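Welcome! Take a moment to look over the sequence and the 3D view, and then let us walk through some of the details together.

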There are 2 protein chains.
Amino acid sequence: MAELTDTDRQEELDSLIHEIRDTLSQQVAADRGGEPGDVATPLSELTKHDLAKLARKIERLHAADVAKVLESLPQDERLVIWELVHSDRDGEVLLEVSDSVRDTLIEVMDREEILNAASTLDTDELADLAPDLPEGMMQDVFTALPIDDREKLRFVMSYDEDTIGALMDFDLVTVRGDVTIEVALRYLRRMDSLPDHTDKLFVTDRDGLFEGVIHLKTLLINDPETLISDVMERDAVRFHPEDKARDGADAFERYDLVSAPVVDEVDRLVGRVTIDAVVDFIRESSDEERLSQVGLSEEEDIFAPVRKSVRNRAPWLAVNLVTAIVAAQVIGLFEGSIQQLVALAVLMPIVAGMGGNVGNQTITMIVRELAFRKLGGGDIRLLYGKELKVALINGVVWGGILGIVTFAMYQNAGVSAVMVAAVTLNFLSAAFFGVTIPIVRTRMGRDPALGSAVMITAITDSGGFFIFLGLATLFLL
Amino acid sequence: MAELTDTDRQEELDSLIHEIRDTLSQQVAADRGGEPGDVATPLSELTKHDLAKLARKIERLHAADVAKVLESLPQDERLVIWELVHSDRDGEVLLEVSDSVRDTLIEVMDREEILNAASTLDTDELADLAPDLPEGMMQDVFTALPIDDREKLRFVMSYDEDTIGALMDFDLVTVRGDVTIEVALRYLRRMDSLPDHTDKLFVTDRDGLFEGVIHLKTLLINDPETLISDVMERDAVRFHPEDKARDGADAFERYDLVSAPVVDEVDRLVGRVTIDAVVDFIRESSDEERLSQVGLSEEEDIFAPVRKSVRNRAPWLAVNLVTAIVAAQVIGLFEGSIQQLVALAVLMPIVAGMGGNVGNQTITMIVRELAFRKLGGGDIRLLYGKELKVALINGVVWGGILGIVTFAMYQNAGVSAVMVAAVTLNFLSAAFFGVTIPIVRTRMGRDPALGSAVMITAITDSGGFFIFLGLATLFLL
């Protein structure tokens, strides 16, 4: 009997990872003459014994924990441990690891190993794995499936990964409404097991049309003679496969769901969504959002090769190269002014930088609101009004402080006045575009968060330089 | 029988919000002479009739949907609708609305209304509400509770909001291990209802010590004569109240849990955590993270008064004011150089800006890795090595491109060479501090994400200006 809290488990896992690294690091270092991925190098007797011990420990781990161990190891050591995982578990472990690690594991599997791993998975799980399988492999996996499962796989794979269709599974337990609880309970007792996350049964009529749901706890607390249709819930939340996954996640959160039915356009029950798929979706979405804010599209673990990292980080640097050169061109227009009044060069980054902050604050507020609901025309007018007012007040307050700082630095009232005016105008421009960019992107059917920060910073940089240097040229020179 | 998919529901809700705004907007506009929050203004007969209609519609909504309606309305209209919500539901609606909206609702409730709302809530829910109640009110709520619940409330409130203790509730259904499934089922059937998210019962011995869990589905599929102790799960994941909520959320995700037991240091069962509390925690954490990246600590909905928004956005602007002034001082050191070679003023923001991007990419990668696991000494060395290599390659590549652009602009090989060198050095500095800042913050027990972006940008700005202008002064003038 294991008496471990979750924290104890995590500590055990961390120490196992350490043990693995200690055991393997010297061996792997000695082998490093070979190609990466080449794990056929003969291991010393000592290591073989150690490996057998590690294999036993790994066998006792939950698949998600095996995944964590693999993710925590550098490439070479990861592949040694991957060999130790029993082939029955390859499938479930592949599902649990991150995309970038999954690629490295599949790369070293041969055709037979992949087919074997695939055969242990449900159709909805296969659909998750499909994009990462080598070219052509998916056809083989497909052919190996029973006809019925092929249909299901084709169905799930026909939906985009941001739809309910991609989150759903087919582990449905259905009952008819015209039977008693007693009959339903007997039916359940004849089953070997119930699918995970079965908190309710789905009630259908003789044509497979969805009628309602009945919670397991309703079965448990009611008189066995009661008819299912008398105690089932008829207005349960249901989804269509083409519904947005994000809306589905909101509904799970709002109505505290554990599982929910998916029906087609004629209300025929086609599958279900469970909270674990929703939680994974929420986590992945917020991870993607975090990465996309710095222009990283692909998953990149810390053990990824340098070459991959350089490639992964290039697009954002390229975009910023362009916006930086544009900003430089704007400054270039005013070279003459700067030569006459070098204080301008000292002060201009302040105007640009503070404007960027105001713009990013506004964008964050708007994106958050847009994630939550549709904004009507009245809301948008209200938003512009409010953000411009906030920007004006902030412009006067912070511009005022900067005016004083500027005066302390240069004892020049004209430069101070230009500073106050430029900061205020740049704040107003930041607020205006901070509202406009995410709203326009949403109207165009794009993600309002993606790239908005880069756009607003480009505007507040170039715009800030132009406003400040322009005002200075007009009024001071 | 409602045959609504989730999407239909959301559309209905949106149209109800529109209807409310149409009905109320003119009335409220006419009343705007009064103080905000003053809803006692007599309403016209027409509006009274309309309000009764709205009240009926609102009555049929789920509490979470009522919350959404309230959040979607400007302050004045929100308070009119809040009056329409039946007082029995005040408590659950208050739990569902966002913090900033909750404040506005509680503000207009009198003592009796608040006590009444509180009386409809469980102790763990009261604990969530407590921080938002007016000064002194909590004591009254406390006194109104039965002794037993007071203990529980004190217990939950003694834990920080980022611990398991703050997420847990007391809706436990326990059974003894030495009874049969039959007995357990009879016991359940005598209950009026089971708590939400009861996917398992908790098995305890006669002293309340935790022994294991038994899933409802195990009860359903096994022979009624079986002893609970023969089919219960003994090594179920369990938590201590002081465990980190984030680790708990990871465990729920990893092991696909719906509910899990919380035990004290002697393994006595004290409560449970359910997936809905975990999902709320995950959502709130990622929302907080998003806001904190632009220095917003408090929730601020778009209808919040301008004055509140200005205050909410001030701290980040203040920090950035300081870092911007520091950067300006750095530039000020080189006024003479700029006067001699004005191209430096044009080019310096490019060096600073690109460095900021590299630093933020590195920080994002490291924070992500730190969220996932502890990094050992070997990992950290590997990380420095890798990030510095990536930065060096990126520096040479992007610095090289910028060198060519610079030459095209100024036909000055010296300026181009300084550009290449400065970009590369600033990238290296960005990578070094991008690894160092989050790791040091974690060692200090702080959140590695919070404020890291501001710090790295300050370093790459001031540092970038210093490196570029310094090199130029040394080699070109």
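In which helix of chain A is the place of A:Ile401? A:Ile401 sits in helix α20, residues 377-410 of chain A. Helices here are DSSP runs of H or I with at least four residues, strands are runs of E with at least two, and both are numbered from the N terminus.

Helix α20(A) has 34 residues and spans 47 Å from its first C-alpha to its last, close to the 50 Å expected at 1.5 Å a residue. That expected span is 1.5 Å times one less than the number of residues. Just after α20(A), A:Gln411 has a positive phi of about 45°. A:Ile401 is partly exposed because its relative accessible area is 31%; buried means under 20%, exposed means over 50%, and partly exposed lies in between (1.4 Å probe, protein chains only). Together with A:Ile393 and A:Val397, A:Ile401 makes a nonpolar surface patch of about 200 Å².

## How to read this model

This is a predicted model, in which local features need pLDDT of at least 70, side-chain atom pairs count only at pLDDT 80 or more, and totals for chains, interfaces and linings use all residues. Residues are numbered from 1 along each chain as its sequence is written, chains are lettered from A and ligands numbered from 1 in the order in which they are written, and side-chain values use heavy atoms, leaving out hydrogens and water.

## A negative patch

Which residues form a negative surface patch? They are A:Asp128, A:Asp160, A:Glu161, A:Asp162, A:Glu284 and A:Glu288. Patches are made of residues with over 30% relative accessible area and no salt bridge, joining like charges within 9 Å and nonpolar side chains (Val, Leu, Ile, Met, Phe, Trp, Tyr) within 5 Å. Accessible areas come from the Shrake-Rupley method with a 1.4 Å probe, and for residues only the protein chains shown count as cover. Lys and Arg count as positive and Asp and Glu as negative, while His and the chain ends are not counted. Each charge is placed at NZ of Lys, CZ of Arg, CG of Asp or CD of Glu.

Look for A:Glu161 in the loop between α10 (147-157) and α11 (164-167) of chain A. A:Glu161 counts as exposed because its relative accessibility is 68%.

Most residues other than glycine have a negative phi. A:His197 has a positive phi near 60°, and the phi of B:His197 is also positive and near 60°. A:His197 lies in the loop between α12 (181-189) and β2 (200-204) of chain A, and B:His197 is in the loop between α12 (181-189) and β2 (200-204) of chain B. A:His197 is buried at 10% relative accessible area, and B:His197 is buried at 9%.

## Salt bridges

How many salt bridges does the structure hold over all chains? There are 46, each being a side-chain nitrogen of Lys or Arg within 4 Å of a carboxyl oxygen of Asp or Glu. One of them joins B:Arg272 and B:Asp169, at 3.0 Å from N to O. This pair links distant parts of the chain: B:Arg272 is in strand β5 (residues 269-274) of chain B, and B:Asp169 is in the loop between α11 (164-167) and β1 (174-176), 103 residues apart. Both B:Arg272 and B:Asp169 are buried.

Another salt bridge joins B:Asp99 and B:Arg102 (3.9 Å, N to O). These two are about one helical turn apart because they are three residues apart in helix α6 (residues 99-107) of chain B.
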